[in-house]
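Dear colleague,

I am passing on to you the structure that follows, together with an account of what was found in it. Please look it over before reading on.

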Number of protein chains: 2
Amino acid sequence: MSIPSDLDISRSTPLRPLPEVAEQLGLDPGLLEPYGTDVAKIRLEAVDELADRPAGRYVLVSAITPTPLGEGKTTTTVGLGQALSRLGKRSAVAVRQPSMGPTFGIKGGAAGGGYSQVVPMEALNLHLTGDMHAVTAAHNLLSAMVDNHLHKGNALDIDPHRITWRRVLDTNDRELRNIVSGLGGHADGSPRQAGFDITAASEVMAVLALSNSLRDLRERLGRIVIGYGRSGAPVTAEQLRAAGAMAVIMREAIKPNLMQTTENTPVLVHAGPFGNIAHGNSSVVADRIAVRGSEYLVTEAGFGADMGAERFFNIKCRNSGLRPDAAVLVATVRALKAHSGRHRVVAGKPLPPELLAESPADVLAGAANLRKQIDNIRLHGVSPVVAINAFPTDHPSEHAAIRQVAEEEGVRVAVSEHFGEGGKGALELAEAVVEAAEEPNTFQQLYPDSADLRTKIETIATKVYGASGVSYQPAAARALDDYEANGFGELPVCIAKTHLSLSSDPALLGAPSEWVLPVREVRASVGAGFVYPICGDMRTMPGLGSHPAAESIDLDENGEIVGLS
Amino acid sequence: MSIPSDLDISRSTPLRPLPEVAEQLGLDPGLLEPYGTDVAKIRLEAVDELADRPAGRYVLVSAITPTPLGEGKTTTTVGLGQALSRLGKRSAVAVRQPSMGPTFGIKGGAAGGGYSQVVPMEALNLHLTGDMHAVTAAHNLLSAMVDNHLHKGNALDIDPHRITWRRVLDTNDRELRNIVSGLGGHADGSPRQAGFDITAASEVMAVLALSNSLRDLRERLGRIVIGYGRSGAPVTAEQLRAAGAMAVIMREAIKPNLMQTTENTPVLVHAGPFGNIAHGNSSVVADRIAVRGSEYLVTEAGFGADMGAERFFNIKCRNSGLRPDAAVLVATVRALKAHSGRHRVVAGKPLPPELLAESPADVLAGAANLRKQIDNIRLHGVSPVVAINAFPTDHPSEHAAIRQVAEEEGVRVAVSEHFGEGGKGALELAEAVVEAAEEPNTFQQLYPDSADLRTKIETIATKVYGASGVSYQPAAARALDDYEANGFGELPVCIAKTHLSLSSDPALLGAPSEWVLPVREVRASVGAGFVYPICGDMRTMPGLGSHPAAESIDLDENGEIVGLS
């Protein structure tokens, strides 16, 4: 079976008018603000309009530890949403907005794929309604105001060596990771070490994703800590009088974006934090609207269950007060084979032929990762469902091997063919999810607010990652002490680590044990509301590869986009 | 008479539905793509749809050399458009999109003011439809691809010391003017001197403004020169395989934005190059649509007639093939008094009380600037009309003094009260403009394509600026020789100089003579299609002041914007 390109499928999909899509969510079409013909923003009045309605089932889609190629979490999310519709459930999907950095870098777009996409995919993968750009603009206004404050006399006595607020761009640009700014003459600022992160890693992005309202967003922006005074006291965006203007810049961005799937299921697209260097979840506001506008809301969290799902449970749900009813774990034959340690998968290169040969033994040899990620969902009192995301190169014996593991763990399992078949291909999965979601729910967070920061880090490291302990670089230990002293100890933690392993070493596959989580640095995202330990060599600004995707993207003679995938 | 704030007037204006506004332009409402309720993009099919209609009169609004406060060119443009409607002419207005840098810096918004505004002003002054952000993203993708090319082996043998392509942000951030990028380790790029300009100064912005179609935009992006190889040959965006992706990023931005004035006159807002460090004109595409969609299209060009108007005639009209029918010169009592040299006007401070005292003598003492700017319009074969932009603090004797100067020069003149009265206050001006526009037209450019670059620079310097000659720094002279050798000699020139004087020294008021234009540096914007000499201390990245406007901008308890002006 040959499947057309994602872009061709997206273009040939008959779109339903967005007012009708809004009505599927029980939303008055007057709450929409159209952006072009195929995307609309939803006014925040929708939260109140739906407040009296019962909440639908809330389903998270997570995954085993992925290969660098990704295992199809977004397509599964979309396919599951479509299949639930086919089962007669009013369903909705909530996903993140892709970053243009990876779109033009190595990854390509992130709209799902095949017959389980968010459409039009080129709108999703490019500017959408400009929310990413608003984050960039608000973030960098604060950056400029920090340096301007130094330049104009530094009334707050900010210590230039302790400024933690960097700048951001939504571009993969390694050249900007470490810079010296403020060179030139007296009129050109003050020389200091600085740098840029990608917009997806901005605290403003996390604030957008975690705010419950425009007012909450404004207050969180004010609480952002940009660095420390010479006295050691934290300096905030509020003290710099920047937070009001930042909120004005973010005033439209806080409204979720309404799109649809290839089968016209409503999709809310909102916020785009990465899942390794940020909390990896779409917005609280979108979920609060969609969970009351549907019987089943399906949302995804970045990378494996140790990454986005852990933050979904312990950060996002802590902020929203929402309780998940089930969690899907996407597993693929290729990723489990990779976890056997017998094959090497490299981004941007074809899969090795040996990996494609029939081998249920390789699948079973990599199953420790699946077992551990199942545990990670259960740790939070939520029922997992294993979704086998089927590829044309899979063999039935390999699917049977995954089913065997799931059954040994006592977990529901289904093969899903949503990529090639759309919602029809995910019906078995949807039925399993409905069963799981209707079970009694014992959702719980992994630690209380009152635990100290080291306890929180160590809880996640040992219980979720399977580490035997945590080590702290001296600077990280000092930072943790400072944060406790400054009253940030009540915050949850968002651990930045590789998404390619349960551990902090991307080379350790399966379910590594007997390793120690090395905390190199700790940042405080006080506005977003978490403390942010960085483990190992994590980069908050990606680079481009030898042949960036951008080189193949162009307009054809009719002005249509080609090469975007 | 007390006039409410611009924001209050904007909010209380009854808006006409945009499909009706489009119909005023003879456009099928199906050509609109709504962005929110009060802004729409116009599909480029509009150019062809209107191609058979006769072109309306094309009126430029320029000004005498302004004070740092600005002399109300945008309000006059809007007021004149409104007044022409009241005279029974189907009129339209075309203006630039403001930059968020100055909006949050010292200047505040740029939507006009009082009862002659583009509304809703907060949409105009903030993201609008994201075109500025698209320019930033496209520009910085190319920047990242330049450095990535160096990092990945430098197959094109680019000389790192001769990279002319910088990065951009739409933020006033002096700290980024001069940086060293690529610090860190081997994986973090290559250390080199670099820097950021404001987005309004990006060559991509100039490409957006000067392109005649999407295809033209794509080709111009490919011609952008990012620097030179070690052999001395220019290296283009096409060679880096970046231009296709840049065009994809700009694919929505090339569509002009439709808004309306406080009296529901159609306004096309498109592109935002500054008038001192860039060519200072809104887009060719917008004008090509609006000039056939109206009987009178009124557009403005940045700063005084030596700046934006000169580029309008010699760069923008050269690109579009359109011919202007009249030009308005906005003059104010306060600016002419300042040109007397007897008063000092400082941005962000109240006017000195002596300047406000009745003094037609001071006005006459500053009139040399008005006379020279009248000449500058006539040099291009276009009829000037002097618009006295009235302020409540003006005295009748001072208006009479301006009238006297205009009459001595044989030029039509009118007092305009559009700020306080809307179109009704600009009727006298509109009548004078209609008379001038109906006169025979002898429009001509100041130099042919075939003149060499030094001749072009010297023609503008001596004929328009009143310089006695031009001096070139050695680097500038070498660059000009290189550009001629590389085949860029056919391009027009866009001279970056202060807008606060006809000369390159902001302290020289009136109409200075016996001075020499110092060309410090020359850049080539080959994609946009001009060579860009920089004279004196021109900054392509502004800074913030001691009290940035951002400090006063916030949301109120209802989520409405306050403090934006």
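Across the interface of chain A and chain B, 36 residue pairs are in polar contact, with both residues of each pair at pLDDT 80 or more; please keep in mind that this is a predicted model. On the side of chain A that touches chain B, the elements that give two or more residues include strand E1 (32-35), helix H9 (214-223), helix H10 (243-249) and strand E23 (554-555) of chain A, while the largest share, ten residues, comes from H7(A). Sorted by class, that side of chain A has 29 nonpolar, 19 polar and 21 charged residues.

Twelve salt bridges are counted between chain A and chain B, and one of them joins the side chains of A:Arg539 and B:Asp188, at 3.8 Å from N to O.

As for the extent of the contact, 69 residues of chain A and 69 residues of chain B take part, and the two chains bury about 5900 Å² between them, 60% of it on carbon and sulfur atoms. Within chain A, the residues that lose the most area to chain B are A:Arg174, A:Glu175 and A:Val248, which together make up 12% of what that side buries.

Finally, a search of the whole structure finds zero disulfides over all chains. A:Cys317 has its nearest cysteine sulfur, that of A:Cys494, 14 Å away, and A:Cys317 counts as buried because its relative accessibility is 3%. The sulfur of A:Cys494 is in turn 10 Å from the closest cysteine sulfur, in A:Cys535, which is too far for a bond, and A:Cys494 is buried at a relative accessible area of 0%.

With best regards

Terms used:
Residues are numbered from 1 along each chain as its sequence is written. Chains are lettered from A and ligands numbered from 1 in the order in which they are written. This is a predicted model: local features need pLDDT of at least 70, side-chain atom pairs count only at pLDDT 80 or more; totals for chains, interfaces and linings use all residues. Side-chain values use heavy atoms; hydrogens and water are left out. Contact means heavy atoms within 4.5 Å. Buried area is the accessible area (1.4 Å probe) that two parts lose on being put together, summed over both. A salt bridge is a side-chain nitrogen of Lys or Arg within 4 Å of a carboxyl oxygen of Asp or Glu. A polar contact is a pair of N or O atoms within 3.5 Å; within protein, one must be able to donate a hydrogen and the other to accept it, and residues adjacent in sequence count only if both atoms are side-chain atoms. Helices (H or I, at least four residues) and strands (E, at least two) are DSSP runs, numbered from the N terminus. Ala, Val, Leu, Ile, Met, Phe, Trp, Tyr, Cys and Pro count as nonpolar, Asp, Glu, Lys and Arg as charged, and the others, Gly among them, as polar. A disulfide is a pair of cysteine sulfur atoms within 2.5 Å. Buried means under 20% relative accessible area, exposed over 50%, partly exposed in between (1.4 Å probe, protein chains only).
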